Amino acid sequence: MKEVSVVLVGIGGYGNKYVEHILKEGRERGVQIAGAVDPSPQNCRFYEELRSLNVPIYDSLEEFYSHHTVDLAIVSSPIHYHCEQTCLAVKNGSHVLCEKPAAATVKEVKRMIECRDRYKKIVAIGYQWSYNPAVLRLKKDILSGRFGRPVLFKTIVLWPRDTAYYRRNSWAGKMKVNGRWVLDSVAGNATAHFLHNMFFLLGEKMEGSAYPDSIVAELYRANDIESFDTCALKMMVKDTPVFFFATHAVKERIGPVFEYRFEKARVLCNYPEYPESAENLLVVYNDGKKEVYGPTDHGSMRKLWIAVEVARGKEEFICTLESAMAHTIAINGAHISMKGIQDFPDEMKRVEGNPPLIWVEGLKEAMEKAYKNEKIFSELGLPWAKRGEEVRLGNFEGLEGEITC
């Protein structure tokens with residue numbers, strides 16, 4: 001087995017998971033940590049273990065590459081560094097596994113594609129459901145026409161996040177940091193997998209996603225943040241209506257719950273009336289027949305080991321930059337659709353717990369009604385709701401702004 005050298009870029013936050021799994025399984029899988037990059041490495045739970053193993057730790061990726069070469073760079077740094085660090089890594093001869101989202105803006109993802117192609121390296125994006133065997137099996141059957149034409153896709157995710165979540169770093173909930181777009185939000189980060197998955201499954205080729213043709217967004221916030229913690233997105237994707245509802249401003253965790261509706265069947269996940277769909281992909285055919293495709297396994301690190309095999313020279317299925325672009329288009333389009341984030345009325349907001357959780361009275365019920373009726377909030381006539389403009393996304397260039405990569 002050829003040994004694969006890796007540099008871990010960003011070892012706090014989600015980067016802890018990569019450190020943990022490589023420390024645990026790296027030896028038997030032929031992975032050697034050549035270095036780590038983080039300006040605050042002491043925030044990593046495994047900092048002392050890395051030090052005891054004499055892993056060199058640098059403040060910047062430039063400094064790392066001035067001393068080392070490496071097969072694979074694992075980028076799990078803040079969103080606004082993804083483009084810059086991915087381009088630097090491929091320029092220095094490394095393949096890349098970059099955490100989701102690929103980047104904040106469409107222009108940045110395009111720049112990453114240019115760099116990847118110029119230096120002939122592979123860049124995989126860490127949307128873990130695109131590496132999930134059950135999801136891949138489902139997509140093969142969608143492409144074969146087994147379920148007929150797509151009719152409507154919808155997803156709802158209610159994931160509470162307290163104020164400590166927004167204090168965990170300097171960019172949580174921000175629109176920009178030091179002039180760079182971040183666009184950190186409930187749809188842009190924490191629940192991005194579930195939005196991306198709908199685009200991926202609607203893609204006309206196995207490796208590709210379908211890009212949204214239009215979007216109408218409603219973006220709201222209960223927390224004291226720049227971006228949004230609640231959204232309702234209504235899109236058209238290759239003649240298929242797609243709805244996405246997500247919030248952090250509720251008390252009860254629900255979902256992801258989704259229905260992907262086709263002419264001959266429905267794909268369900270986490271529908272109480274179908275116990276087999278709990279954390280599973282369940283296909284319910286129009287004649288009543290049911291078929292379990294397998295677990296969704298949101299915490300899987302399969303993406304890591306596939307990226308290692310790719311760095312080893314094997315051909316493996318990855319989530320490409322082109323596939324991940326669909327999500328970035330949707331998020332950029334959402335911010336253009338609703339330029340000003342709407343604050344929930346103060347009289348609807350509630351605060352409880354320690355650290356405090358800010359939640360909105362009646363929001364859970366409103367989101368469940370919107371999901372059930374396949375309408376965004378303004379179409380339900382809710383008094384606090386405001387509809388964004390419809391944005392056409394053909395030849396979409398995304399948000400304007402400086403690109404530093």
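Visitor: How much space lies in the largest pocket?

Guide: This is a predicted model, and the answer is a value computed from it. The lining of the largest pocket counts 46 residues, and those closest to its centre are G12, G13, Y14, S76 and W171. The space in this largest pocket is about 1200 Å³.

Visitor: Which element gives the largest share of the lining of the largest pocket?

Guide: The elements that contribute two or more residues to this lining are α1 (15-25), α3 (61-65), α4 (82-91) and α8 (186-190). The largest share amounts to four residues, and the element that gives it is α4.

Visitor: What is the volume of the second largest pocket?

Guide: Its lining is made of 14 residues, with R27, V31, Q32, I33 and L53 nearest the centre, and both α1 and β2 (31-37) give two or more residues to it. Seven of the lining residues are nonpolar, four polar and three charged. The volume of the second largest pocket is about 320 Å³.

Visitor: At what angle do helix α6 and helix α9 pack?

Guide: On the side of α6 (residues 133-143), the residues V135, L136, L138, K139 and I142 meet N197, F200 and L201 of α9. Six of the residues in this contact are nonpolar, one is polar and one is charged. The axes of the two helices lie 10 Å apart, and the angle is about 35 degrees.

Note on methods. Residues are numbered from 1 along each chain as its sequence is written. This is a predicted model: local features need pLDDT of at least 70, side-chain atom pairs count only at pLDDT 80 or more; totals for chains, interfaces and linings use all residues. Side-chain values use heavy atoms; hydrogens and water are left out. Axes are lines fitted to C-alpha atoms, for helices over the stretch in contact, and angles run from 0 to 180 degrees between N-to-C directions. Contact means heavy atoms within 4.5 Å. Ala, Val, Leu, Ile, Met, Phe, Trp, Tyr, Cys and Pro count as nonpolar, Asp, Glu, Lys and Arg as charged, and the others, Gly among them, as polar. On a 1 Å grid over the protein atoms alone, a cavity is a set of points where a 1.4 Å probe fits but cannot get out, and a pocket is an open set with protein on both sides within 12 Å along at least five of seven lines; lining residues have an atom within 4 Å of a point. Grid points are joined across faces, edges and corners, and a volume is the space filled by probe spheres set on the points.
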